[in-house]
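Please read the numbered points with the model in view.

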Amino acid sequence: MTAKLHVLSSETNGESQAAMAPRPKEGHLSIENVSKTYDPEGARVVALHNCSVEIAPGDFLAIVGPSGCGKSTLMNIIAGFDNVTEGRVLLDGQLLATPTSPPKPGSDRVVVFQNGALFPWKTVLENVMYGPLVQHKMTRAEAEERAMDLLAKCGGLDKVAASYPPQLSSGMQRRVEIVRALINEPKILLLDEPFRAMDTVSKTTMHQHLLQMYRTCRKTIVFITHDLEEAIYLADKVIVMTSRPGTIKSTIIVNLPRPRTPEMMLSTDYLALKAQAIASVHEEAKKAFERGEREHA
Amino acid sequence: MLKEGAMKAVEASVNNSVVDPLKWHRRLPKLNWRGGFAVGAFLIAWHFLVLLKAPGFKEISSPVEVLQTFINQYLGNPNYWNSWVASFKRVIYGFVLAQVLGIPLGLLLGTRDTFHKLVYPVIEILRPIPPLAWVPISILFWPTTELSIIFITFIGAFFIIVINVHDAVRNIKKEHYWLALSLGASSGQVFRRIMVPSVIPSIAVGMTLGIAVTWNVVIAAEMIASDSGLGRLTWEGYVSHTVPVVIIGMISIGLAGYLSTIVVDYAEKKMMPWRTTR
């Protein structure tokens, strides 16, 4: 195990030669007192209750919580797939969501879904080129050049540009999805449990890929997960949510240095953060367990 | 010197144009020898059962008899080949019409709620009626027998494709919709680039089922109402008690159906390159 970690860390040290990209100017997200109730006339399911989060441009935020805590609802609101019942969401001072405005998705906030949503009828390259082409932002030649460039930068994905998504491994598919989001120069990248169904080794590799991408093309990232260790390892700030109704229970500031390496998971700082996080979710996990939830953070 | 060079060039070009028998052989699809063996075994078993006058086989012709009748009376007979043409025409008209009308109707039913509420109950009532139950009405309604048979054939494939496309539209992954919208697609682009490709696999399923049903229906309809086609040929063989003709009719129908399936499979592969290159 130690040997393996050592190998991984020497690789990542190689990658970390590239300095951290400067903090972007755009991508300041404010979620202010947001509540979301489904079926307000009838069953009144309160998915979110009075949630407030502030994310600085270029920050990596992780949201952790048991299933049903409203983390996906929160992401859908930010992405513009759903509206809020109360409160508001602002991106760089501009209103994204209010109770009265209809939800509006946009290419400045692109989501990578947990089950993958690459278009299976398009090749990897066509998938990546889709955004710039439908928005008429680039010509086909420009889009192709940019897509190939990004794919090459993300661990040699240019080699599979002509393949169809079902021919790729799930790790590769997820990376292609991240590239498809990045080509649109989004202000925020929304990742909804992207590594959920992966084994530990693939997950570790994917973490390195994601951290590498974050380092080179720094964006505001909102990362949803139920895996506490993953959240602390990747993020600058972790918010822990409770379920029914979904509220924010605590915020953990992760002051581990970047670049992050897998050995950091053994450091005392990391373990202290983990202990702190476990303490804060323990009560929640117990509640969730008692409710018969199999999955808890 | 010049002449020699020219000769060599001609020789080379001749050599190139002659197809290398080995390579030519390789270009053929790999023969399924097991399938050939099974067909052979079936024919031999059939032949011996007839020779031994096994129960039920007393009035059945042997494959040799059938082959002799076929070669002597049908192979060079234009009437026989016209039966093929007649049946194929009906299948193609009925099948294509079912796709052309059924696919848009399925898309409309899947996407427009008011239209769905208005039209879907009618479809649900008409759908369970077997195509052959349409024969009497169809003969009364359409001015010619030909049109009524095409109509019945069309009915056979139509509801299958409508239901398949309708279900596919309703089951499109919402993530695909959302993503297309957040990547900046307009509603027209979502329709063309997300909805249409999403339902292609179901259209393919509808086509596979549709072509099989179409052959079923056309043969039955020909037996009941027509004076041409492979169904009629088989029926005439029965009525005139010439068993080899019945069997020639049956095998012809089988081969025609198989040919249609090959064409449909090929079309499906072309429609879904992402499925075949897996």
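**Notes on selected features**

1. Helix α5 of chain A, residues 170-182, packs against helix α6 of chain A, residues 200-216, at an angle of about 15°, and the two axes are 11 Å apart. Because angles under 35 degrees count as roughly parallel, α5(A) is described as roughly parallel to α6(A). The crossing in which α5(A) passes α6(A) is right-handed. It should be kept in mind throughout that the model is a predicted one.

2. The contact between these two helices can be listed by residue. From α5(A) come Gly171(A), Arg174(A), Arg175(A) and Ile178(A), while α6(A) provides Ser202(A), Thr205(A), Met206(A), His209(A) and Met213(A). By class, the residues of this contact of α5(A) with α6(A) comprise three nonpolar, four polar and two charged.

3. When neighbours within four places in sequence are left aside, Val84(A) is in contact with Val34(A), Ser35(A), Lys36(A), Ile77(A), Val89(A), Ala97(A), Thr98(A) and Pro99(A). Leu234(A) stands 150 residues from Val84(A) along the chain, and the C-alpha atoms of the two are separated by 28 Å.

4. The two chains also meet: 15 residues of chain B are in contact with 22 residues of chain A. On the side of chain B that touches chain A, the elements giving two or more residues are α9 (174-182) and α10 of chain B. The most is given by α9(B), with six residues. Divided by class, this side of chain B has seven nonpolar, five polar and three charged residues.

5. Within chain B, helix α11 spans residues 230-239, and its buried residues are Leu230(B), Gly231(B), Arg232(B), Leu233(B), Thr234(B) and Trp235(B). Which elements are included in what covers the buried residues of α11(B)? Among them are α5 (78-111), α10 (187-225) and α12 (243-271) of chain B.

Technical notes
Residues numbered from 1 in each chain as written. Chains lettered and ligands numbered in written order. Predicted model: local features only at pLDDT ≥ 70, side-chain atom pairs only at ≥ 80, totals over all residues. Buried ≥ 20, exposed ≤ 12 C-beta atoms within 10 Å, placed from the backbone. Helix = DSSP H or I, 4+ residues; strand = E, 2+ residues; numbered from the N terminus. Contact = placed C-beta atoms within 7 Å. Axes fitted to C-alpha atoms, helices over the stretch in contact; angles between N-to-C directions. Parallel < 35°, antiparallel > 145°, perpendicular 65-115°, else oblique. Left-handed = near helix turned anticlockwise from the far one by under 90°. Nonpolar A, V, L, I, M, F, W, Y, C, P; charged D, E, K, R; others polar.
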